[in-house]
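Dear colleague,

Please find the structure below. The notes that follow it concern its nonpolar cores and its salt bridges.

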Amino acid sequence: MRIGVAMIWAGLIGLSTMATPAAALDKVTFGTNWLADPEAGGYYQALVDGTYAKYGLDVTILPGGPMSNGGLMLIAGKIEFFMGGDMLGDFYSVEQHFPVITVAADFQKDPQILMSHPGVGFDKWEDLNKATAIVSKGALTSFYAWLRVAYGFKDENVKPYNYNSATFIADKNSIQEGYVTSEPYEVEKQGGFKPNVFMLSDHGYSSYATTIITRREIVVKTPDLVQRFVDASAIGWYHYLYGDNAKANAAIKHDNPEMTDDQITYTVGKLKEHGVVDSGDTLTMGIGAMTDARVKDFFDKMVQAGLVKADTDYKQAYTLQFVNKGVGLDLRPK
């Protein structure tokens with residue numbers, strides 16, 4: 001379970017078409033927001049299959065983790081690109097005048113889920129607000145705050161989540177947060193049952209996720225660099241989902257030795273099954289697509305939930321300059 005990137009930004013408050021490669025590749029570092037895993041598979045794919053190099057880029061992927069803060073490294077100029085989470089963190093960055101901007105959304109659906117035990121009265125979404133809710137501190141100031149307003153979830157039902165599913169497995173009257181690509185797999189392995197899975201995106205949580213964020217100065221001074229990174233990353237995602245991803249998975253396991261083949265197979269399957277990366281607008285505009293209407297919808301919901309200010313200039317959080325160009329559409333299986 002990843003730590004929400006909105007939490008990363010909140011923590012800081014307290015402190016084209018393919019280009020012709022140049023003679024020397026442009027060195028850039030891309031910081032991910034968690035340990036190496038298939039949820040970053042497209043970037044590893046673009047690295048190991050030479051796509052980044054074809055676009056004139058010498059890319060280093062810097063994995064994150066519970067003790068890292070890639071958002072701070074981006075602001076400090078130590079990395080050029082960072083993997084964002086949902087767009088709540090982007091709105092926070094605008095409110096705090098952080099010099100960053102989202103340039104692509106490689107997950108069309110936020111993979112955030114709630115899980116419940118089957119056959120005990122929590123098989124329907126409308127029943128979940130009655131269950132004990134095992135959620136993290138970050139959830140209370142992000143999606144759970146939205147659930148309170150939109151669906152009547154209650155704070156008195158909350159139990160703390162310590163990123164271990166043992167409490168959920170033991171308590172049949174509980175629900176737990178997670179990612180559709182990860183926690184259900186662990187519950188099936190450890191608990192011996194298949195949980196009900198409810199994606200928040202299916203019930204109105206309309207944020208993009210796994211975004212590409214950079215500094216505003218990079219967009220202004222070297223837009224071609226940003227375009228090449230966005231395009232190559234999109235192509236990497238097409239190849240990872242629909243092509244031979246063995247070398248990318250080997251690189252992921254090299255950077256994260258605890259990652260197993262079974263987990264990778266499960267995660268990639270769920271990315272495809274739920275259209276996390278490739279669905280909706282990407283079918284005509286390409287992976288990484290964003291629209292003004294979609295961002296506004298999520299912003300309005302976060303205002304209603306009391307998480308961002310109504311007068312926040314949310315349009316400063318992102319740009320459509322580098323997306324919606326149909327890059328890689330020919331790589332999707334017919």
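Leaving aside neighbours within four places in sequence, which residues is Y43 in contact with? They are F30, Y52, I61, M83, D106, T210, I212, S233 and W237, where contact means heavy atoms within 4.5 Å.

Before the remaining findings, a note on the basis of the values. This is a predicted model, in which local features need pLDDT of at least 70 and side-chain atom pairs count only at pLDDT 80 or more, while totals for chains, interfaces and linings use all residues. Residues are numbered from 1 along each chain as its sequence is written, and side-chain values use heavy atoms, with hydrogens and water left out.

Nonpolar cores

Y43 is also among the residues with the most contacts inside the largest nonpolar core, together with F91, L114, F229, W237 and M302. This core has 91 residues, and its largest share, 11 residues, comes from α11. A second, separate core of 6 residues includes I79, F82, V100 and I213. A nonpolar core here is a set of buried Ala, Val, Leu, Ile, Met, Phe, Trp, Tyr and Cys residues joined through side-chain atoms within 4.5 Å. Buried means under 20% relative accessible area, exposed over 50%, and partly exposed in between (1.4 Å probe, protein chains only).

Salt bridges

The structure holds 12 salt bridges, each defined as a side-chain nitrogen of Lys or Arg within 4 Å of a carboxyl oxygen of Asp or Glu. Helices are DSSP runs (H or I, at least four residues), numbered from the N terminus.

Helix α11 (residues 223-242) contains both D224 and R228, 4 residues apart, about one turn of the helix. Their closest N and O atoms are 2.8 Å apart in a salt bridge. R228 is buried, at 8% relative accessible area, whereas D224 is partly exposed at 40%. D26 is linked with D224 and R228 in a network of salt bridges.

In helix α15 (residues 292-304), K301 and D297 likewise lie 4 residues apart, about one turn of the helix, and their side chains meet in a salt bridge of 3.0 Å, N to O. Both partners are partly exposed: K301 at 21% and D297 at 33%.

The pair K221 and E217 forms a salt bridge at 4.0 Å, N to O. These residues are about one helical turn from each other because they are 4 residues apart in helix α10 (residues 216-221). K221 is exposed, with 65% relative accessibility, and E217 is partly exposed, with 38%.

With kind regards

Terms used
Helix = DSSP H or I, 4+ residues; strand = E, 2+ residues; numbered from the N terminus.
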